[in-house]
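Hi,

Here's the structure I said I'd pass on to you. Have a look at it first, then read my notes below.

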Amino acid sequence: MAFPNGPAAQATDLVLQQILAVVQQNSLDLACVRHECEQLRQANALLDIKLQNNRSGTPGYTTPQAPSSPQLRAKSPFLSNAIPPIVQSQSYHPSPLGESVLASHPFGQTRDIPGFYVVIPAGGAGTRLWPLSREDHPKFLLDLTLKGRSLIQATWDRLLPLTSAARTTIVAGPAHVADIHKQLPDLLSENLFCEPGPKDSMAAIGLAAVVLAKRDPDAIIGSFAADHMISGDEAFLSAIAEAVEVARNDYLVTIGIAPSHPSTGFGYVRLGDKLHIKEAPNARLVSSFKEKPDARTAAAYLATGAYRWNAGMFVTKATFLIELLKEYNIGLYTGLMKIAEVWDDEAKRKLVLEDAWPSLEKIPIDNAIAEPAALNGRVAVIPATFGWDDVGDFSSLADLLPAERNQPRILGDGNLVLTEQVAGGIIVPQSGRLITCLGVDDLVIVDMPDTLLVTTRARSQEVKRLVKKARDAGWGTLL
């Protein structure tokens with residue numbers, strides 16, 4: 001059989017040659033990109049080594065190193081025993097990774113800020129980290145970086161230089177009070193506020209504000225979540241010190257994190273005009289708050305250079321926060337003030353909490369007071385240079401764990417994991433049995449004694465859907 005060799009066949013050959021040429025060019029381009037990425041990785045590794053050798057404090061944008069502990073535990077994410085408190089250095093060192101446009105806030109001989117009270121809301125079940133995180137043992141009680149300190153212990157350690165145990169308050173639910181006391185033996189009993197039920201951040205922070213304002217009318221409070229990761233402690237402390245100075249001028253102050261990528265999982269803050277406060281050279285007004293955007297919008301935010309991630313950290317006078325509550329949410333204000341009046345009488349407190357707390361609105365502080373106050377020029381932001389992550393899912397957790405190149409991260413005993421031709425992902429071996437993987441990439445495998453989770457890093461944000469499905473199917477005891 002003869003094959004056609006006319007003009008049509010020649011045209012077909014020409015088209016095929018053009019397609020092959022494009023494919024070959026794409027392959028070359030892809031190889032070049034891979035080569036450039038490898039060069040960037042190597043350059044970043046060298047830079048990290050130099051910073052580690054020359055740093056005077058923990059640098060920003062690196063996983064923070066845990067303080068040394070005489071009772072460093074085995075590699076388990078579940079910490080139950082108390083670990084002795086760490087003695088904090090009182091000397092100040094500027095952050096080695098501060099941006100040139102940002103000024104370093106001087107602390108002088110001591111970091112302690114008189115009249116500054118730390119509030120740590122410790123709530124939430126961390127459903128996107130289930131089954132590692134459970135309702136009765138949520139992520140803030142876990143050691144998720146294998147450094148010997150849980151997230152709430154790391155938060156305590158980080159903030160203690162600015163305040164003291166006497167001026168550190170934790171707001172938590174009744175199910176977690178005992179574990180918090182075990183992990184933080186220096187926490188004063190009168191500074192652990194027990195909320196009867198979860199009501200989101202505004203009720204928790206508001207409760208601390210009304211009680212602390214009664215104890216000290218001049219108190220400046222700073223609210224910091226119990227389950228966030230911070231790297232670059234010096235830059236963090238400097239930003240908080242600036243925020244306190246701005247708060248003295250009757251502002252609700254938030255901390256804006258420099259975004260490293262166009263995240264769709266975080267809210268954003270748009271920077272406004274500079275405030276020109278001498279003690280806080282980086283302070284700006286908040287132009288507006290933005291909810292979690294889609295990918296295209298997030299990329300547009302980053303392109304402007306005018307947006308920062310909203311990390312949910314707020315610093316303000318306790319009395320000023322109460323004023324904002326009275327103006328923007330009278331229901332919460334009335335209920336919390338009723339509770340504050342009887343707080344020192346334990347018997348009356350119990351009765352009033354049982355009566356007033358269920359009727360309080362469940363609303364985050366951003367929606368309750370920050371957004372409306374920003375429209376009236378009453379919210380400020382300190383653009384910060386430290387690294388931050390809310391460890392919101394297994395994908396973000398994987399980024400915080402060390403691993404060989406192209407190997408999965410392991411949270412637990414590495415002897416219980418065998419892999420062959422496996423790249424990326426995270427494996428949590430907590431059942432005691434061997435986990436073996438062959439030829440699968442970017443998986444999330446969480447093997448607990450009572451349940452097993454298998455998903456992909458790309459779908460890890462959706463784990464909370466499984467939690468709901470398990471609850472509906474009658475598996476509430478595993479949640």
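Aspartate 442 sits in the loop between strand 15 (435-438) and strand 16; helices (H or I, at least four residues) and strands (E, at least two) are DSSP runs, numbered from the N terminus. Its phi is positive, about 55°, although aspartate 442 is not a glycine. At 38% relative accessibility, aspartate 442 is partly exposed (buried is under 20% relative accessible area, exposed over 50%, partly exposed in between, with a 1.4 Å probe and protein chains only).

By the way, this is a predicted model, so local features need pLDDT of at least 70 and side-chain atom pairs 80 or more, while totals for chains, interfaces and linings use all residues. Residues are numbered from 1 along each chain as its sequence is written, and side-chain values use heavy atoms, leaving out hydrogens and water.

Strand 16 (residues 443-447) also holds aspartate 447, which counts as buried because its relative accessibility is 3%. Its side chain makes a polar contact with that of serine 431, at 2.6 Å (a pair of N or O atoms within 3.5 Å; within protein, one must be able to donate a hydrogen and the other to accept it, and residues adjacent in sequence count only if both atoms are side-chain atoms).

Aspartate 250 has a positive phi too, about 60°, and isn't a glycine. You'll find aspartate 250 in the loop between helix 5 and strand 6 (252-257).

One last thing to look up: the peptide bond from tryptophan 130 to proline 131 is cis, with omega near 10°.

Cheers
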